Amino acid sequence: MKQPALTKVKLITFTALLGALSAVLMILRFPIPFMPPFMEMDFAPVTEIMGGFLFGPLCAFLTIVVKTLVKLVVQGSQTFGTGDISSLILSLVYVMPATFFYKYNKNKKTAGIALIVDTILVTIAAVVSNVYFIFPFYAKMMGAEMKDLIAMCTAVNPYVTDTLTLVFLTIIPFNIIKYGLCSIVTRLLYKSLSRAVKNIVYH
């Protein structure tokens, strides 16, 4: 039996709901031991990538945009916008390749490979963007230097003493933990939730 067409109104409504849920999950972020205070865990990527797996890359992209806007309206920015820019960039890197890949190869193996590859890609993107753009800009806005941010990291992990240790002891492990956990949660929940969501949206 042919599946009913998804109307634009339903898609827009569902995307808006996903974006709002992602914003809530982002606001409910929490710290990870031995990580600096400006690196906090949240599960917003789960709803973003689920939206992409369910309804395609456009839904995923709009979910990320809505999440960012809702979070800024509700909570503002405590990092002069740098944290929100970083979150936007990393969400796009993590979510978009997987959803494009899955769109044309819809099976469990494809989804699993896509999530693993995107976890690696987003970790690389986090290193490049944070070291060369986000951290220096944030330090400048605070009237500080990169060494001052490193000192903040040293306070919670004494082994972080320079940019190299910052990368290998904070940025890389944090992003592997965050997006690895989000990938695991997505794999565990997607099948059951996708059925429930499609029953609602397509009826």
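Start by selecting the lining of the second largest pocket, which by class has four nonpolar, three polar and three charged residues; here Ala, Val, Leu, Ile, Met, Phe, Trp, Tyr, Cys and Pro count as nonpolar, Asp, Glu, Lys and Arg as charged, and the others, Gly among them, as polar. This is a predicted model, in which local features need pLDDT of at least 70 and side-chain atom pairs count only at pLDDT 80 or more, while totals for chains, interfaces and linings use all residues. Residues are numbered from 1 along each chain as its sequence is written, and side-chain values use heavy atoms, with hydrogens and water left out.

Two or more of them come from each of H5 and H7, and H7 gives the largest share, five residues. Helices (H or I, at least four residues) are DSSP runs, numbered from the N terminus.

A pocket is an open set of points on a 1 Å grid over the protein atoms alone, where a 1.4 Å probe fits, with protein on both sides within 12 Å along at least five of seven lines, and lining residues have an atom within 4 Å of a point. The second largest pocket holds about 190 Å³ of space, a volume being the space filled by probe spheres set on the points, which are joined across faces, edges and corners.

Next, select Phe-38, Met-39, Glu-40, Gly-83 and Ser-86, which lie nearest the centre of the largest pocket, among its 25 lining residues. Helices H4 (82-104), H5 (108-141) and H7 (163-201) each give two or more residues to this lining, with the largest share, six residues, coming from H4. The largest pocket has a volume of about 560 Å³.
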